[in-house]
Amino acid sequence: MKKCHSIFKFQLRMFVSILAVVLMLSGCALELELGSPADTSSGSRQNEGRLRVIFLDVGQGASQLLISPSGKTMLIDAGNNDREQAMLDYLKEYGVNRLDIVIGTHPDADHIGGLDRVIDHVDIGEIYMPKIQANTKTFESLLLSIKNKGLKVKTAKAGLGLEWDEDVQVTMVAPVQTYDDKNNMSAVVKVVYGNTSYLLTGDAERQSEKDMIESGADLQADVMLIGHHGSKSSTTLSFLKKAAPQYGVIQVGENNYGHPTSTVLDRLSKQGIEVYRNDLHGTVEIASDGHTYRITTER
């Protein structure tokens, strides 16, 4: 059963409370079901005016599925190789038969392992990846799928604006420079819808975070994907203060290489950030109507 955590204006809470009392007195039950996935097909029906950012539970790895208010879709990463079928199942569950934008944040297998299968089976619009390679079968398999689909990879880099949904601003804020380290080459994406914002960080580490701050980019975001699965190599205090999120999501599996670290968890706690984790909550969805958030967890 999915759990829902919603932020509403005070007047709405009062209305719901009064309505609940009235219904109970009349012998009726009030049920607010906010968490079930919408039947949303890419490019078709409107998505009830909400931007949905879904942090898919892919165990050890990361993947975020975004569905815009108009039904546009974006997939950032796709978990490890052993999650290929799970990724296809997720896309089917959310009614996605086309991905308008695909982003592979960096070549690590736990981020791009499932992308080849996704590309093989789903209609793809544009694909972005940073300019760094890896001598691995996983990376080679992804390149082969891209080639077979006739796609051309666009370079993911800071300052790039993505055309996606006319009501949603999507900007890449990293990588700012070229790094030898694959994690620091991670594509970092900021998404803004109305007065709400998300910062999706891949595995960006200290150096990339420092360069993002020094670049002068607007890093403030209400929702932040905690870098590198909660590793102490990421989410420095200076970066966290710059982003100043209300909510943090850690994409991590059980017994996951010591992630998230106590150092990062303590840092998040001291900053008063409400944390959601795939290993504890399953898939986490944080949807926005441009003003408020609706947070849904799988467990």
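E140 lies in helix 5, which spans residues 137-148. In this predicted model, E140 is partly exposed, with a relative accessible area of 45%. E140 and D116 are separated by 24 residues in sequence, and their C-alpha atoms are 9.4 Å apart in space.

## The chain as a whole

The protein chain contains 9 helices and 16 strands. It has 299 residues, of which 54% count as buried. Its accessible surface comes to about 13700 Å², and carbon and sulfur atoms account for 49% of that area. Among contacts with a separation of 6 or more, 67% are between residues 24 or more positions apart.

The bridge partner of I76 in strand 5 is I103.

Strand 11 (residues 196-200) is largely enclosed by the rest of the structure, because 5 of its 5 residues are buried. Both of its faces are covered: T196, Y198 and L200 are buried on one side, and S197 and L199 on the other.

Strand 10 and strand 11 are antiparallel and pair over 5 bridges. V191 stands opposite Y198 of strand 11. These two strands form a hairpin with 2 residues between them, and G194 in the turn has a positive phi of about 60°. Strand 11 is also joined to strand 12 (residues 223-225) by 2 bridges, and these two run parallel. Here L199 stands opposite M224 of strand 12.

| Strands | Sense | Bridges |
|---|---|---|
| Strand 10 and strand 11 | antiparallel | 5 bridges |
| Strand 11 and strand 12 | parallel | 2 bridges |

## Nonpolar cores

The largest nonpolar core has 30 residues, and those with the most contacts inside it are F55, I103, V191 and I286. Apart from it lies another core, of 28 residues, which includes I67, M87, Y94 and V102.

Two of these names return from the strand pairings: I103 is the bridge partner of I76, and V191 stands opposite Y198. I286 touches Y198 as well, and its other contacts beyond four places in sequence are L51, R52, V53, F55, V223, V249, Y293, R294 and I295.

## Helix 6

Helix 6 comprises residues 206-215, and its buried residues are S208, E209, D211 and M212. They lie on the same side of helix 6, because they cover an arc of only 165° around the axis. An α-helix has 3.6 residues a turn, so residues three or four places apart point the same way. The buried residues of helix 6 pack against strand 9 (168-174), strand 10 (188-193) and helix 7 (237-243). After helix 6 comes G216, whose phi is positive, near 85°.

## Two buried loop residues

N184 sits in the loop between strand 9 and strand 10. Its relative accessibility is 8%, so N184 counts as buried. A polar atom of the N184 side chain lies 3.1 Å from the backbone nitrogen of E205. Beyond its neighbours within four places in sequence, N184 is in contact with P175, Y179, A204, E205, R206, Q207 and S208.

H259 is placed in the loop between strand 13 (247-250) and helix 8 (262-270). With a relative accessibility of 17%, H259 counts as buried, since the cut-off for that class is under 20%. Setting aside residues up to four places away in sequence, H259 touches H228, H229, S231 and V252.

Technical notes. Residues are numbered from 1 along each chain as its sequence is written. This is a predicted model: local features need pLDDT of at least 70, side-chain atom pairs count only at pLDDT 80 or more; totals for chains, interfaces and linings use all residues. Side-chain values use heavy atoms; hydrogens and water are left out. Helices (H or I, at least four residues) and strands (E, at least two) are DSSP runs, numbered from the N terminus. Buried means under 20% relative accessible area, exposed over 50%, partly exposed in between (1.4 Å probe, protein chains only). Contact means heavy atoms within 4.5 Å. Accessible areas come from the Shrake-Rupley method with a 1.4 Å probe; for residues, only the protein chains shown count as cover. The arc is that of the directions from the helix axis to the C-beta atoms. A nonpolar core is a set of buried Ala, Val, Leu, Ile, Met, Phe, Trp, Tyr and Cys residues joined through side-chain atoms within 4.5 Å. A polar contact is a pair of N or O atoms within 3.5 Å; within protein, one must be able to donate a hydrogen and the other to accept it, and residues adjacent in sequence count only if both atoms are side-chain atoms. Two strands pair if DSSP finds at least two bridges between them.
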